[in-house]
Amino acid sequence: WTLAVTQFGAAQACFDSAVEQVKVRKQFGKSIATFQNTQFKLAEMEADIVASRLMIRNAARLVDEKSPDATSHCAMAKMFATEKCFDVCNRALQMFGGYGYLKDYPIERYVRDLRVHQILEGTNEIMRMIISRNSLKDN
């Protein structure tokens, strides 16, 4: 779950860059920040960052408390944060259009780096197995 913590900085940086980009990028003579779809995407991105942060904090609290559910909650946090923060970076890249793929912009690197976090320290499929096994065990 510690890998999940590293997601926040990249996701927040991509989100902040996307907010600035949509204010200056124009389509059809208007800033794309005025488009409802863009506003909805930004709202989802920010909510995903906050939700990921809360899941990580909750998992850390359970570890500190030596809760029997800590392992499952750490798996949930790792799975959720790595997927959602990757999505945030991917959506930010989309808001940059073709420029998002250029090495001149850090978003390209963040997308690449965050994708591998879904594999490292146990794939997210393994995290799903840990979570479901905890759900199915007899209490």
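Guide: This is a predicted model. Leaving aside neighbours within four places in sequence, Ser31 is in contact with Val22, Lys23, Arg25 and Lys26.

Visitor: Where is Ser31 placed?

Guide: Ser31 sits in strand 2, residues 30-31.

Visitor: Is Ser31 buried or exposed?

Guide: Ser31 is buried, because its relative accessible area is 13% and the cut-off for buried is under 20%.

Visitor: Which backbone oxygens does the Ser31 side chain reach?

Guide: The side chain of Ser31 reaches the backbone oxygen of Val22 at 2.8 Å. It also reaches the backbone oxygen of Lys23, at 3.2 Å.

Visitor: Lys23, then. What does Lys23 form a salt bridge with?

Guide: Lys23 forms a salt bridge with Glu20, and the closest N and O atoms are 3.6 Å apart. The two are three residues apart in helix 2, which means about one helical turn separates them. Lys23 is partly exposed, with a relative accessible area of 46%, and Glu20 is partly exposed with a relative accessible area of 46%.

Visitor: How many salt bridges are there in the whole structure?

Guide: A search of the whole structure finds six. One of them joins the side chains of Glu65 and Arg61, at 3.2 Å from N to O. Glu65 is partly exposed at 49% relative accessible area, and Arg61 is partly exposed at 39%.

Visitor: And what about Glu108 and Arg112?

Guide: Their side chains meet in a salt bridge, 3.0 Å from N to O. Both residues lie in helix 5, four residues apart, about one turn of the helix. Glu108 counts as buried at 15% relative accessibility, whereas Arg112 counts as partly exposed at 47%.

Visitor: Back to helix 2. Which residues of helix 2 are buried?

Guide: The buried residues of helix 2 are Gln7, Phe8, Ala10, Ala11, Cys14, Phe15, Ala18, Gln21 and Val22. Seen down the axis of helix 2, these fall within an arc of 165 degrees, so they line one face of the helix.

Visitor: What length does helix 2 reach?

Guide: Helix 2 covers residues 7-24, 18 residues, and reaches 26 Å from its first C-alpha to its last, close to the 26 Å expected at 1.5 Å a residue.

Visitor: Now the largest nonpolar core. Which residues have the most contacts inside it?

Guide: Leu42, Met45 and Ile107 have the most contacts inside this core of 27 residues. Helix 2, helix 3 (36-64), helix 4 and helix 5 (107-116) each supply at least two of the core's residues. The largest share, 10 residues, comes from helix 4.

Visitor: What does Met45 touch?

Guide: Not counting residues up to four places away in sequence, Met45 touches Phe15, Ala18, Val88, Arg91, Ala92 and Met95.

Visitor: Next, helix 6. Which of its residues are buried?

Guide: In helix 6 the buried residues are Asn124, Met127, Ile131 and Asn134. They cover an arc of only 80 degrees around the axis, which puts them on the same side of helix 6. On the other side of helix 6, Glu125, Arg133 and Leu136 are exposed.

Visitor: What do the buried residues of helix 6 pack against?

Guide: They pack against helix 4, residues 70-95.

Visitor: Last one. Where is Asp104?

Guide: Asp104 is in the loop between helix 4 and helix 5. Asp104 counts as exposed, at 68% relative accessibility.

Key. Residues are numbered from 1 along each chain as its sequence is written. This is a predicted model: local features need pLDDT of at least 70, side-chain atom pairs count only at pLDDT 80 or more; totals for chains, interfaces and linings use all residues. Side-chain values use heavy atoms; hydrogens and water are left out. Buried means under 20% relative accessible area, exposed over 50%, partly exposed in between (1.4 Å probe, protein chains only). The arc is that of the directions from the helix axis to the C-beta atoms. Contact means heavy atoms within 4.5 Å. A polar contact is a pair of N or O atoms within 3.5 Å; within protein, one must be able to donate a hydrogen and the other to accept it, and residues adjacent in sequence count only if both atoms are side-chain atoms. The expected span of a helix is 1.5 Å times one less than its number of residues. A nonpolar core is a set of buried Ala, Val, Leu, Ile, Met, Phe, Trp, Tyr and Cys residues joined through side-chain atoms within 4.5 Å. A salt bridge is a side-chain nitrogen of Lys or Arg within 4 Å of a carboxyl oxygen of Asp or Glu.
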